[in-house]
Amino acid sequence: QLQLVESGGGLVQPGGSLRLSCTASGLTLDYYALGWFRQAPGKEREGVSCISRTGGSTRYADSVKGRFTISRDNAKNTVYLQMNSLKLEDTAVYYCAAILYCSGPVASWGQGTQVTVSS
C-alpha cells in the first residue's frame with residue numbers, strides 16, 4: 001500500500017522560502033504523477049502543482065506561478081515543492097498526492113504539513 005509522508009512545513013515571514021518534501025513508501029512512485037494541494041482554513045482544497053511521471057511536464061496554479069517549483073527524484077521516491085516569495089495567502093495545510101495523471105483521480109494522499117506565512 002502506498003503511503004506518503006510530507007515534511008518541511010513551518011512558520012516563515014512574508015517573502016521567505018520553504019521546501020516541502022514528500023516521500024513514499026510501500027510502492028514506487030514511478031507509476032504516478034505527483035501533485036501538491038493545499039487547504040486554507042474555511043476554504044476548499046485546491047491544486048497547487050503537478051508533475052508528470054517522468055518529470056518532463058509540470059503545471060502550476062496561477063496563484064503560485066513563478067514562485068513555486070515542483071520536482072521529483074524517482075530514485076529517492078520523493079517529490080519536492082520549493083516555495084519562494086511566500087505570501088500571507090499561501091498559509092495552508094499542504095498535501096502531496098499520487099495521481100494517476102495530472103488532473104486525474106488521486107490514488108493516495110499524504111497526511112499534510114502546515115505552512116504558516118506570518119510577520
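## Strands and sheet

Strands are DSSP runs of E with at least two residues, numbered from the N terminus, and two of them pair if DSSP finds at least two bridges between them. In this predicted model, local features need pLDDT of at least 70, side-chain atom pairs count only at pLDDT 80 or more, and totals for chains, interfaces and linings use all residues. Residues are numbered from 1 along each chain as its sequence is written, and side-chain values use heavy atoms, with hydrogens and water left out.

An open sheet is formed by 4 strands in the order E1-E3-E8-E7, with antiparallel pairing. Its edge strands, each pairing on one side only, are E1 (3-7) and E7 (68-73). Strand E7 is joined by 6 bridges to the antiparallel strand E8 (residues 78-83); Ser 71 has Tyr 80 in E8 as its bridge partner.

## Disulfide between Cys 22 and Cys 96

The whole structure contains 2 disulfides (pairs of cysteine sulfur atoms within 2.5 Å). In one, the sulfur atoms of Cys 22 and Cys 96 lie 1.9 Å apart. This pair links distant parts of the chain, 74 residues apart: Cys 22 in strand E3 (residues 18-25) and Cys 96 in strand E9 (residues 92-99). The S-S torsion of Cys 22 and Cys 96 is about 45°, so the disulfide is right-handed.

## Disulfide between Cys 50 and Cys 102

Cys 50 and Cys 102 are joined with an S to S distance of 1.8 Å. Cys 50 belongs to strand E5 (residues 46-51), whereas Cys 102 lies in the loop between E9 and strand E10 (106-109). The torsion about the S-S bond of Cys 50 and Cys 102 is about -95°, so this disulfide is left-handed. Cys 50 is buried at 7%, and Cys 102 is buried at 12%.

Methods
Buried < 20%, exposed > 50% of the residue type's maximum accessible area, 1.4 Å probe, protein only.
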